[in-house]
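Here are some notes to go with the model you asked about. Have a look at the picture, then read the points in order.

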Amino acid sequence: MKLKKNKEDISQINIEFQEAIRTGAEKLFNYMSDFIENRLEKVDDRFQEIIICEKNCDRIKEKYIEVLFKDKRALPFLIEDRYKMITNVDKILNKSELVSRYIQVLPSKFEIYEDIRDEMNQLNKLYLETVNQLLNCTLLMETSFSGAFEITFEIEKWKRQAYDLKFKILDIIFQKKDEPLRISLTWKIVTLMFDVISWAEEISDFLRGLIIKYPGK
Amino acid sequence: MDFTIIIIIFLIISIVIAVGIGGNDETFAPVYGSKILTMKQVLIFAVILAIAGALLLGEGVAKTVGGSILASNIEVTQVIVMTVLISTAIWLILASAFGLPISTTHATIGSIMGIGIFLWGITGLNWGMILYLVMWWLLSPVIGFFGTYFAYKLMYKYKENRLNGFQDYEGYEKKFAIVILIAICITAFSRAGNDCSNAVGIVVGVGEIDIGFLLIITGLSLASGLVILGRVVIKNLGEMTELRPSTAFATQLPTAAIMLIGTIQKIPLSGSHMLVASLVGLAKASRTPMKKGLWKIILVWFLTFPVSAILSIIIYFPVRSFF
């Protein structure tokens, strides 16, 4: 009875955690959209929301880990793999927060170049899609390895698209001869955004490794 | 030498050997490692099964070791008993000092064979029984290897076709956690009965001490060894290997079956050999690379017979001078 309750608790907290990450990712997406489109007056509010989301996620993660390790009879290999999975996914929001913090300290008159706005928006959409699919993948790890396995390839595909986009943007900004600081700061933003997508793909690689480790349908 | 002193010395050496055997008993490592039982629970199970196994199953194997290795016309004297006990203890200590998992069964029987051939020549041994034992010793690791290999393959097929997701795995492995506990209890029970012969089998051969008393002493010594030293071995092995309950079951299944059948058939068997053979079978079936040192272990297995035989011959002379 106690074991069953523990299992239910873990599933419930896991769903809660995934939702918190999803909300955090959406917040960054909206924040980035405002930033790219130069709607600066809204950015400050969005930034605070991301910070709150990240803190909330940390709190849920701690609760999850506490319940995970509470079950003394649980199987250590499953505990270890679930622990690695949740701590890795949590870093998505840490990295997302880093992007927002960086944008927050940019010079007040900083703007994204007009000619890369489309690409930046595409990169932003790829970020949201990748994180969403990664969260679907981690949820499916509980009930369907086959479903999770397919999603990992989708994530890999989007990471490649993001990679191409990153270099397309860099190619455009590196051709510009003026404002070296603006070029450098733009380069950093693009790199930080790509890092989040890249990290999501690394987690999906890890999940694929886990699926291979556990033979199943 | 006074008879009472001789008996006390026999008992002390037997107790030391039994404590050593209990201290090296790793049977419960998988259930501790996979957190099915806590260390306290492991020790309670292990102590009860060691005493019960020694008392209920120990007599047959002890009589085989004490009375059937040497030719039937040869009387087992106190000098022979002392020689065999001391040489077994020395080889055990030496092997343990180098961290080599040897078989106490093979060390004891090697010592008896060495002293038998040395004193009475080829005709000093009961070759029929020895060949019968050799057949079991060769067969048991082979069964351990193939038993584990095929059990793992079957389980793998089942997992591939039926399991999907962590939750399925959790349910599947938790069922095996109960099954493995039963298999390990059978192994521990029969292993205690079988291992008794290594500590007191040769003493039984003299016929001077009541066998029931000897088995009680051995059972308690095995249990003491488990409590004092065994917890370290169980903890280290349990934490070192990532054996899942299902794969641990695949390795324990042939060991439990052969150990139980062998003990009922009064055959002294090596639990370590079967376990290592099963682990090799598991590695082959799961295509996991084997750790280095397997050949060293096998070499030591084969060396145990000649080394303990030679040791018993060397020790025979100083022991004889005391009597």
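1. Ground rules. This is a predicted model, where local features need pLDDT of at least 70 and side-chain atom pairs count only at pLDDT 80 or more, while totals for chains, interfaces and linings use all residues. Residues are numbered from 1 along each chain as its sequence is written, chains are lettered from A and ligands numbered from 1 in the order in which they are written, and side-chain values use heavy atoms, with hydrogens and water left out.

2. How the chains meet. On chain A, 26 residues are in contact with 21 residues of chain B (contact being heavy atoms within 4.5 Å). Together the two chains bury about 2,200 Å², with 58% of that on carbon and sulfur atoms; buried area here is the accessible area (1.4 Å probe) that two parts lose on being put together, summed over both.

3. Arg82(A) and Glu170(B) form a salt bridge, with their closest N and O atoms 3.2 Å apart.

4. Chain A's side. The elements giving two or more residues to the side that touches chain B are helix H1 (2–36), helix H3 (76–104), helix H4 (117–143), H5 and H6 of chain A (helices are DSSP runs of H or I, at least four residues, numbered from the N terminus). H3(A) supplies the largest share, 6 residues.

5. A serine in H3. Is Ser96(A) buried or exposed? Ser96(A), in helix H3 of chain A, is buried, with a relative accessible area of 0% (buried means under 20%, exposed over 50%, partly exposed in between, with a 1.4 Å probe and protein chains only). Leaving aside neighbours within four places in sequence, Ser96(A) is in contact with Leu28(A), Tyr127(A) and Val196(A).

6. Most residues other than glycine have a negative phi. Glu179(A) is not a glycine, yet has a positive phi of about 50°; look for Glu179(A) in the loop between helix H5 (145–174) and helix H6 (180–213) of chain A, partly exposed at 37% relative accessible area. Lys266(B), also not a glycine, has a positive phi of about 65°. Lys266(B) lies in the loop between helix H9 (245–264) and helix H10 (271–285) of chain B and is partly exposed, at 46%.

Notes: Salt bridge = Lys/Arg side-chain N within 4 Å of Asp/Glu carboxyl O.
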